[in-house]
Amino acid sequence: MRRFTYGVRLLRRVRGYIRSAPGTYLWLAALFVTTIAMHHMSPEFEADFLRQRSTNIHELSTNPRRVLIASAFWIDGGGWLPYAVLYSVFHAQAERWLGTLRWLIVAFGTHVAATFISEGALLWAIRHDYAPHSAVNTLDVGVSYALAGVVAVLTYRIARPYRYLYLVAILVIYGAPLLSGRTFTDLGHFASVLIGLACYPLTRGQGGAPWNPADTLRTVGRETGFSGARAKDRLS
C-alpha cells in the first residue's frame, strides 16, 4: 500500500512538472514523433530529407523562414531519450523560471542567431578557399544551439558563488571543442552560449530567490539521515 501511495505521489509530481513547462514538453513530443519517422526512412532518403530541412547556406538563401523552423524539429543522429533528459533538466527549468514566452525568445532567438553566425563563418571560409564549395549543402539540423543558449541563461538562476563555477563549466564544455575542432558547429555552440548570457535583461524580476545548491544538498542530507534513522529504528 505504501508503494502504491508513493507511486501515485510520484506520478502527480511528474505530471505537475510537465504541466509547469508546456512549451518544453510539446517540443519534446514533436521531436519524439519526428525521431520515430526517421527510423522508418532509408539512409539515402533520410539524408536528402534532412538536407532539405537543414539550415545550410543553400537553404538559408532560398527559404530561411521554413528551414529555421523545420530544422528545430529534427534530431541529426542519436536517440530521443538523451534529449528528454536534457530538456527536463535545462529547458523545463528555464521555462518554469522565465515563463513560456521569455523562454521561447531565448531558445528560438539563440537558434536563429547562432545559425546565422556559424553559417556566415562557413560562407566566409568557402569564399576564401578554406572550405570546399560543396559545404553550402552541408547537413545542419537539430536543437543543440537552442539548448546551449538555455543552458547559458540558467547561469543567472544560480546563487553566487556557485554561479561562477557553473559559468566556468559551460565555457569550458563549449569552448574546448571550438579551440580543438574549429568547425562551424563548434562556433555555433559557443556563440549560443554567449547569446544566452546576453539574455540577462530577460531574467530580471523572474522567479524568486536564486537556486542555492548548498541548500539542496543540506535538504537531501537531512532527508537521508532521517530515513536512515527510521530504518535503524525498525531493525532494532
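Are Trp 27 and Tyr 87 buried or exposed? Both of them are buried. Keep in mind while reading these notes that this is a predicted model.

1. Let's stay with that couple for a moment. Trp 27 and Tyr 87 make an aromatic pair of the edge-to-face kind, with 5.2 Å from centre to centre and 75° between the planes. Trp 27 sits in helix H2 (residues 22–39) and Tyr 87 in helix H6 (residues 81–98), so their pairing ties together parts that are 60 residues apart in sequence.

2. If you go through the model for aromatic pairs, the count comes to eight.

3. While you are looking at helix H6, find Ala 84, which lies in that helix too. Ala 84 has 11% relative accessibility, and because buried means under 20%, this residue counts as buried. Next, pick out Phe 32: the C-alpha atoms of Phe 32 and Ala 84 are separated by 9.0 Å, although the two residues are 52 apart along the chain.

4. Over to the surface. Which residues gather there in a patch of positive charge? The patch consists of Arg 9, Arg 12, Arg 13, Arg 15 and Arg 19.

5. Arg 19 belongs to helix H1 (residues 2–19). Its relative accessible area is 67%, and since exposed means over 50%, Arg 19 is exposed.

Terms used:
Residues are numbered from 1 along each chain as its sequence is written. This is a predicted model: local features need pLDDT of at least 70, side-chain atom pairs count only at pLDDT 80 or more; totals for chains, interfaces and linings use all residues. Side-chain values use heavy atoms; hydrogens and water are left out. Patches are made of residues with over 30% relative accessible area and no salt bridge: like charges are joined within 9 Å, nonpolar side chains (Val, Leu, Ile, Met, Phe, Trp, Tyr) within 5 Å. Accessible areas come from the Shrake-Rupley method with a 1.4 Å probe; for residues, only the protein chains shown count as cover. A salt bridge is a side-chain nitrogen of Lys or Arg within 4 Å of a carboxyl oxygen of Asp or Glu. Lys and Arg count as positive and Asp and Glu as negative; His and the chain ends are not counted. The place of a charge is taken as NZ of Lys, CZ of Arg, CG of Asp or CD of Glu. Helices (H or I, at least four residues) and strands (E, at least two) are DSSP runs, numbered from the N terminus. Buried means under 20% relative accessible area, exposed over 50%, partly exposed in between (1.4 Å probe, protein chains only). Rings of Phe, Tyr and Trp (its six-membered ring) pair if their centres lie within 6.5 Å; planes under 30 degrees apart count as stacked, over 60 as edge-to-face and the rest as tilted.
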